[in-house]
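Welcome! Please take a moment with the sequence and the model below, and then we will walk through some of the contacts together.

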Amino acid sequence: DEDTLATFAKWSKVYAALGDYRIQLMNEAAGKGYPVVRHPILHYPTDNNMYKPSKIGHSFMLGHLVFVAPVVRPGVTKVMVCLPAGYWVHLWTRDKFGDPRSSIVVEVDAPLGKPAVFYLDCEEARQMIAVKSNTVVSRRTHQSQII
């Protein structure tokens with residue numbers, strides 16, 4: 001149906017916009033053996049909350065810059081997220097969350113089509129991808145993808 005096609009088109013554009021970052025992650029996988037999709041423990045081994053299923057749930061990281069807390073139950077539109085130490089920017093609202101010394105738990109909206117995705121508030125992440133309203137722009141290729 002049309003909704004399915006529109007959703008597929010949207011996420012295909014996001015996938016394409018993250019192409020440079022995925023290449024970087026695949027090079028890390030080949031050179032260091034790091035998985036592209038990672039458990040937060042890989043980057044935050046001293047944070048006890050990252051070991052607790054009650055805190056971390058189904059959360060995962062795409063490399064070291066992107067943190068995702070998926071909704072896994074039908075009808076749920078909010079999710080509790082335990083973010084690792086640092087400052088994290090919510091992809092859809094640009095709200096900043098975090099503490100430089102320890103992980104924090106926040107509740108965010110996560111309606112269908114806008115999952116709880118955060119990126120580390122650092123220059124590397126800002127250089128990798130800029131998100132402006134409904135457009136994802138890969139800064140390395142300067143290609144815009146409307147989402």
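Which side chain meets that of Lys96 in a salt bridge? The partner is Asp121, at 2.7 Å from N to O. Before going on, a word on the background: this is a predicted model, in which local features need pLDDT of at least 70 and side-chain atom pairs count only at pLDDT 80 or more, while totals for chains, interfaces and linings use all residues. Residues are numbered from 1 along each chain as its sequence is written, and side-chain values use heavy atoms, with hydrogens and water left out.

**Salt bridges**

A salt bridge here is a side-chain nitrogen of Lys or Arg within 4 Å of a carboxyl oxygen of Asp or Glu. By this rule there are four salt bridges, and the table lists some of them, including the one we began with.

| Salt bridge | N to O distance |
|---|---|
| Arg38 and Glu28 | 2.4 Å |
| Lys78 and Asp109 | 2.8 Å |
| Lys96 and Asp121 | 2.7 Å |

The bridge between Lys96 and Asp121 links distant parts of the chain: Lys96 is in strand S6, and Asp121 is in the loop between S8 and helix H4 (123–128), 25 residues apart. Helices (H or I, at least four residues) and strands (E, at least two) are DSSP runs, numbered from the N terminus. Lys96 is exposed at 51% relative accessible area, while Asp121 is partly exposed at 26%.

Arg38 sits in strand S1 (residues 37–38) and Glu28 in helix H2 (residues 19–32), 10 residues apart. Arg38 is buried, at 2% relative accessibility, and Glu28 is buried at 15%.

For Lys78 and Asp109, the bridge joins strand S4 to strand S7, 31 residues apart. Lys78 is partly exposed at 43%, and Asp109 is partly exposed at 45%.

**Aromatic pairs**

Next come the rings. Rings of Phe, Tyr and Trp (its six-membered ring) pair if their centres lie within 6.5 Å; planes under 30 degrees apart count as stacked, over 60 as edge-to-face and the rest as tilted. That rule gives three aromatic pairs. One of them is Trp11 with Trp92, edge-to-face at 6.1 Å centre to centre and 90° between the planes. Trp11 lies in helix H1 (residues 2–17) and Trp92 in the loop between strand S5 (86–90) and strand S6 (96–99), so this pair ties together parts that are 81 residues apart in sequence. Trp11 is partly exposed at 29% relative accessibility, whereas Trp92 is buried at 19%.

Phe97 and Phe118 form another edge-to-face pair, with 6.0 Å between centres and 80° between planes. Here Phe97 belongs to strand S6 and Phe118 to strand S8 (residues 116–120), 21 residues apart. Both Phe97 and Phe118 are buried.

**Charges over rings**

How far is Arg22 from the ring centre of Tyr15? Arg22 lies over the face of Tyr15 at 3.5 Å from that centre. A charge sits over a ring if NZ of Lys or CZ of Arg is within 6 Å of the ring centre and within 35 degrees of the ring normal.

Definitions and conventions:
Buried < 20%, exposed > 50% of the residue type's maximum accessible area, 1.4 Å probe, protein only.
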